[in-house]
Amino acid sequence: MSPLFASRRAASTPLDGVDAVFADLDGVVYAGPHAVPHAVESLNAVAESLPVAYITNNASRSDEQVAAHLGSLGLSPAARDVVTSPQAAMRLLAASVAPGALVLVVGGDGIITELERGGYRVTRSADDAPDAVMQGFHPDVGWRQLAEAAFALNAHGGPGEPGGIPWIATNMDWTIPVERGIAPGNGTLVSAVHTAAGRFPEVAGKPETPIFDEARERFGAERPLMIGDRLDTDIRGANRAGIASLVVLTGIDRAKQVLAADAASRPDYIVADLRQLHEPYPEVERRRGGVRVRGAEVRVDGRRVVIERDGDDPLDLLRAACAAIWESGTAIHALDVPERLYR
């Protein structure tokens, strides 16, 4: 049962009972080249007592490159502490084609590194008759690479025809947070190939389970906590994998999206930044038909969301509102929600 619904011991933190922490990167640890405030010191504190795996859908860099970037920010992971979507994609590829096969790559070093480690050959041209296509994000991906993927996928017939070669996407993130703001992600690029090829790829990254399977197996984790900023990938994926989840409001999804989360995408914890990993998580209480979190109290009255008490912390108000709205059984678009809950 989610801590947003269950009573908790007053001294309990999100880390209690956890045997590993799985942390997303974009929007959680960094945005572009810079660290998210409070993330580095908070994760360093976690690493003093628990293994920390850095899990990323971004396929543009190898695990060693990611580890070096994290090191430059003040963290100290080894390359094996980084779990990438290309590594998860290798699980899917191995089920379809054997090592030594030729794979057309759309993307960057992250994919090529893993293919070469696995004994696969790499091409960029459909004219080489590849045995499979693997597609991941890289900022330099353009029309020519996308077209080569479509040519390879359609080589045995027109769009959507049976008999095509395997197509594996590292992830389907529609957007990616960068230093200047929110930019199109790999899902947007995959969609372009889908339009030309008439079929969908297998997907390795969040919210699919292969990347979580890779992390759990590598770290021997039975009770991990997934930290993410995206409900549709990090949190939904953790829920699918049976992993506890925490959403941090420093990246893509903020209060408005969390309030509207569907049942498959609701986190166990909501925090403003990663300092709150180490702080007692407040108890959720039911009172007079409403939900109270410390001094904040919210109830749903018919189609109205009513704030009974604001409390001293806007985050507690958000937590109370989430529990009240989620428990109401009414979709948020049918509710009258006070604007200050999500501003």
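Q: What ground rules apply?
A: The model is predicted: local features need pLDDT of at least 70, side-chain atom pairs count only at pLDDT 80 or more, and totals for chains, interfaces and linings use all residues. Residues are numbered from 1 along each chain as its sequence is written, and side-chain values use heavy atoms, without hydrogens and water.

Q: What is the strand order of the open sheet?
A: Strands of a sheet pair through backbone hydrogen bonds, either parallel or antiparallel. Here six strands run β5-β4-β1-β13-β14-β15, with parallel pairing. Pairing takes at least two DSSP bridges between two strands; strands are DSSP runs of E, at least two residues, and helices of H or I, at least four, numbered from the N terminus. β5 (82-84) and β15 (269-271) are the edge strands, each pairing on one side only.

Q: How many bridges join β1 to β4?
A: Three. One partner pair is A23 with Y54 in β4.

Q: At what angle do α3 and α4 pack?
A: Two packed helices are described by the angle between their axes and the distance between the axes. α3 and α4 pack at about 45°, axes 9 Å apart. Axes are lines fitted to C-alpha atoms over the stretch in contact, with angles from 0 to 180 degrees between N-to-C directions.

Q: Which residues of α3 meet α4?
A: Contact means heavy atoms within 4.5 Å. P86, Q87, M90 and L93 of α3 meet G110, I111, E114, L115 and R117 of α4.
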